[in-house]
Amino acid sequence: MRPLYCHLSIACTLSVGCTEQSPQLPPVQVSGTLLSYAADEDIEICPATIPYLEQWMIAIADKLGIPEHELTPTTYYLVDQATSQELCEGGDLSIHCADHVDGQVNVYAYHPMNRHELVHAVTAGTKVGPPFLEEGLATLLDDGVPVDLMPSIDAEDLDDLIELQDPRDQLDVYGVAAYILYWVAQRHGLEALAQLRFAVEAPTSAAAFRAAFEATLGESLDEMLAEVEGQPGCQLVTCIGEPTPWVDGQWTTYSPTGCEGGAIGVRQPEGDHILRHAIVEIAETGIYEISTPSHGVFLDACEQPCSFNHSFGLSVGSHDYPLAAGRYRVETWSAGPGQPTYDVQIRLAE
Ligand SMILES: [Zn+2]
């Protein structure tokens, strides 16, 4: 089952997490300037993880017009699925959550680097919009778990989703809202997306949301949806770090085998969750041959449209791909302890 996400602001007096039966939380293992990471002692956190996630959160804040000094200190609790479900009051749903209490955000998650909840952590200290906007943004900016954003949107259902108070009641809200916000960003830019977020009060009526949409963006929601109908949307990728140089017409990255070389993630008894992000600069638009001997390699455009994204994985072997000029993120995964590293190569096709 695909992990579900939820954002809750749990009042401490109401939370099961505050009773005497509350689950034991793991200790904080690493503290950065913005983000701390708590995990059981038999879990190793790769040293590059916290600096990477902090840079990522600051970059997300920048995209949303939130100054760095307004970010809320965040502790990421990596817990098991049952604990996450309990702390997040998920009921039957396996969820993660970001809990904002007293100037501190606690993320409870069973995924080691859940970027959906880190988006909530980034926006927590600002005026928080209705679930439609907050969940849409968190889904749109989560570049860790790909979600297919091409929903069919029924007008009446859409108004229900806009007015939704609890995202757990209608899980469609994540994909539908992210799809709409993707197109807002494409047509009007990220700055307009941030303006829209600040223009909508929570809770909102569908009519008030639609009025704010039109006043902020200069087109109505229905007009925009009619124009983009049938076109896909995708999550926006936030690229961190400088490009790896090309050598003699070829660009190469290698998969991690452990925490070395800037790899991020955790080593845990139930299996490593370690990946490396390398940035490739494509100087000219063209057809490129990409070779990978392994599954689990993902290529995503840092700024260009969705059509260049392969968030669902590149094919094994050598294949040609059309790429527009610009930067891309290449994600490779560790196959586990003792497993060999592999190279991924890119060159201009002949
Ligand atoms: Zn959420």
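What share of the contacts in the chain between residues at least 6 apart in sequence join residues at least 24 apart?

## Contacts and burial

In this predicted model, the share is 70%. The contacts counted here are those between residues at least 6 apart in sequence. As to burial, 39% of the 350 residues of the chain count as buried.

## Secondary structure and overall dimensions

The chain contains 9 helices and 15 strands. Its radius of gyration is 20 Å, close to the 20 Å that the globule rule gives for 350 residues, so the chain is as compact as a globular protein of that length.

Taken along the principal axes, the box filled by the C-alpha atoms of the chain is roughly 60 × 50 × 35 Å.

## Domain organisation

The chain is divided into domain 1, spanning 4–126, domain 2, spanning 127–236, and domain 3, spanning 250–348. The centres of domain 1 and domain 3, taken over C-alpha atoms, are separated by 27 Å.

## Contact between domain 1 and domain 3

Domain 1 and domain 3 are in contact through 13 residues of domain 1 and 11 residues of domain 3. On the side of domain 1 that touches domain 3, the elements that give two or more residues are the strand β4 (44–45) and the helix α1 (49–63).

By residue class, that side of domain 1 divides into 10 nonpolar, 1 polar and 2 charged residues.

Conventions. Residues are numbered from 1 along each chain as its sequence is written. This is a predicted model: local features need pLDDT of at least 70, side-chain atom pairs count only at pLDDT 80 or more; totals for chains, interfaces and linings use all residues. Helices (H or I, at least four residues) and strands (E, at least two) are DSSP runs, numbered from the N terminus. The radius of gyration is taken over C-alpha atoms; the globule rule is 2.2 Å times the number of residues to the power 0.38. A residue is buried if 20 or more other C-beta atoms lie within 10 Å of its own, exposed if 12 or fewer, and partly exposed in between; C-beta atoms are placed from the backbone. Two residues are in contact if their C-beta atoms, placed from the backbone, lie within 7 Å. Domain bounds come from an automatic or database domain assignment. Ala, Val, Leu, Ile, Met, Phe, Trp, Tyr, Cys and Pro count as nonpolar, Asp, Glu, Lys and Arg as charged, and the others, Gly among them, as polar.
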